[in-house]
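Thanks for making time this morning.

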Amino acid sequence: MGEVDPAYFQQPEHRPKLEIVQAQGIPLIDLSEQPSETLVEEIRNACRDWGFFQVVNHGVPLETRQRIMAASKEFFAQPLDEKRKVRRDEKRVLGYYDTEHTKNVRDWKEVFDLTVEDPTFVTASYHPDDQEVDEWHNQWPDFPPHLRGACEEYARAVEKLAFKLMELIALSLGLRADRFEDFFKDQTSFVRLNHYPPCPVPHLALGVGRHKDAGALTVLAQDDVGGLEVKRKSDGQWVWASPTPDAYIINVGDIIQVWSNEAYESVEHRVMVNSERERFSIPFFFNPSHYTVVEPLEELVSNESPAKYKAYNWGKFLLTRKASNFKKLDVENIQISHFRVPELADALEGALKLN
Ligand code: OGA
Ligand code: NI
């Protein structure tokens with residue numbers, strides 16, 4: 001084994017502890033029931049207290065999940081040269097790559113991205129004045145030939161679950177069940193096949209560095225290896241999200257944080273790797289149309305509880321993030337905190353400084 005590129009090394013304070021804390025706390029929610037007050041209450045508590053939960057009896061057929069997992073394994077098992085035939089670049093933003101960085105540290109993983117809609121319409125550039133719209137097209141490898149069918153079938157099945165979860169989340173916020181539906185008419189959702197190879201330095205590197213998901217909702221399938229860690233809201237401790245067979249892990253993204261005016265928060269998470277076993281996971285990132293103006297919902301804003309965020313355009317946000325994967329931009333790495341209305345304390349401090 002050669003030397004490991006230090007680009008993978010996390011700063012000492014972000015390195016994972018190899019002794020893990022079990023997250024008994026991540027709520028497990030059974031979706032087999034019709035929406036009831038009890039179910040809505042469970043969703044509300046989980047979103048508020050954790051930002052993360054697992055679901056069982058979710059309606060996604062097990063065979064659909066097994067097919068995409070098997071096809072993903074076959075794809076990643078190929079030599080690098082084969083995988084690079086569907087490599088993404090600045091023009092074709094979907095497909096294979098193994099060079100992702102999270103907060104400037106390289107992630108120990110390789111991925112294959114595909115959008116749920118093909119084509120997906122997205123604003124052409126991150127410049128605010130540019131109104132042009134682009135089409136994103138999926139790239140499919142020759143091998144394995146059934147990868148495309150498996151991905152398309154999976155995307156449709158998980159999309160149904162994502163819509164159902166958005167209905168439950170709407171009810172849990174006291175809104176009409178279909179309140180979020182229109183935002184997803186021209187969705188920019190995508191599915192990511194993740195492969196985390198065994199890592200000789202699991203104490204130094206991470207599969208994915210700490211981050212929050214920028215979209216509305218993430219529906220994650222993980223295999224039985226485990227590695228996902230969630231930052232527990234109550235004490236800031238990194239806790240291990242234990243794999244539950246056939247369950248999906250759900251987390252609230254930044255957009256729900258803004259829509260709910262912070263009733264629910266997007267929670268930090270990261271992925272540990274290990275030196276023995278490779279790991280596969282498949283997040284489905286449920287994202288609204290590119291022209292969505294993301295802002296706190298008017299029903300959730302009042303004089304007593306004013307909007308905590310200024311409106312932003314989702315397409316521009318997404319494009320700024322994507323573009324920063326390729327080059328250092330003339331804009332800072334974009335975060336929803338940039339749209340947060342200054343807190344009273346900051347305003348006061350500013351006022352005091354003027355004196
Ligand atoms: C992600 C992510 C978790 C995992 O891709 O955003 O958090 O377990 N993945 O792969
Ligand atoms: Ni994530």
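Which residues of the largest nonpolar core touch the most other members? Phe112, Phe180, Val219 and Trp259 do, in a core of 76 residues. Keep in mind that this is a predicted model. Helix H4, residues 147–172, gives the most to this core, with 14 residues. There is also a second, separate core of 21 residues. Tyr196, Cys199, Ala205 and Leu220 are among its members.

Leaving out neighbours within four places in sequence, Phe180 is in contact with Met166, Ile169, Ala170, Leu173, Leu175, Trp259 and Leu297.

Next, Trp140. You will find Trp140 in the loop between S8 and H4. Is it buried or exposed? Trp140 has a relative accessible area of 18%, so it counts as buried. Not counting residues up to four places away in sequence, Trp140 touches Val86, Phe112, Leu114, Asp118, Leu147, Arg148, Cys151 and Glu152.

Now Thr64, in helix H2, residues 62–76. Its relative accessibility is 4%, so Thr64 is buried. The side chain of Thr64 makes a polar contact of 2.9 Å with the side chain of Glu153. Beyond four places in sequence, the contacts of Thr64 are Glu153, Tyr154 and Ala157.

Now the polar distances. A polar side-chain atom of Arg279 sits 2.8 Å from an oxygen atom of ligand 1. For the side chain of His269, the distance from an N or O atom to a ligand oxygen is 3.0 Å. For the side chain of Asp213, it is 3.3 Å. How much of ligand 1 does the protein bury? Taken alone, ligand 1 exposes 290 Å², and 95% of that is buried by the protein.

Helix H6 next, residues 314–323. Why call this helix largely enclosed by the rest of the structure? Because nine of its ten residues are buried. Those are Trp314, Gly315, Lys316, Phe317, Leu318, Leu319, Thr320, Lys322 and Ala323. What do the buried residues of H6 pack against? Strands S6 (110–115), S7 (120–123), S8 (133–136), S17 (293–294) and S18 (312–313), plus helix H5. At the start of H6, a side-chain oxygen of Asn313 comes within 3.0 Å of the backbone nitrogen of Gly315.

Glu262 is in the loop between helix H5 (254–259) and S15. With residues up to four places away in sequence left out, Glu262 touches Gln257, Lys308, Tyr309 and Arg340. Which of them has a side chain in polar contact with that of Glu262? Tyr309, at 2.5 Å.

How values were computed: Residues are numbered from 1 along each chain as its sequence is written. Chains are lettered from A and ligands numbered from 1 in the order in which they are written. This is a predicted model: local features need pLDDT of at least 70, side-chain atom pairs count only at pLDDT 80 or more; totals for chains, interfaces and linings use all residues. Side-chain values use heavy atoms; hydrogens and water are left out. A polar contact is a pair of N or O atoms within 3.5 Å; within protein, one must be able to donate a hydrogen and the other to accept it, and residues adjacent in sequence count only if both atoms are side-chain atoms. Accessible areas come from the Shrake-Rupley method with a 1.4 Å probe; for residues, only the protein chains shown count as cover. A nonpolar core is a set of buried Ala, Val, Leu, Ile, Met, Phe, Trp, Tyr and Cys residues joined through side-chain atoms within 4.5 Å. Buried means under 20% relative accessible area, exposed over 50%, partly exposed in between (1.4 Å probe, protein chains only). Helices (H or I, at least four residues) and strands (E, at least two) are DSSP runs, numbered from the N terminus. Contact means heavy atoms within 4.5 Å.
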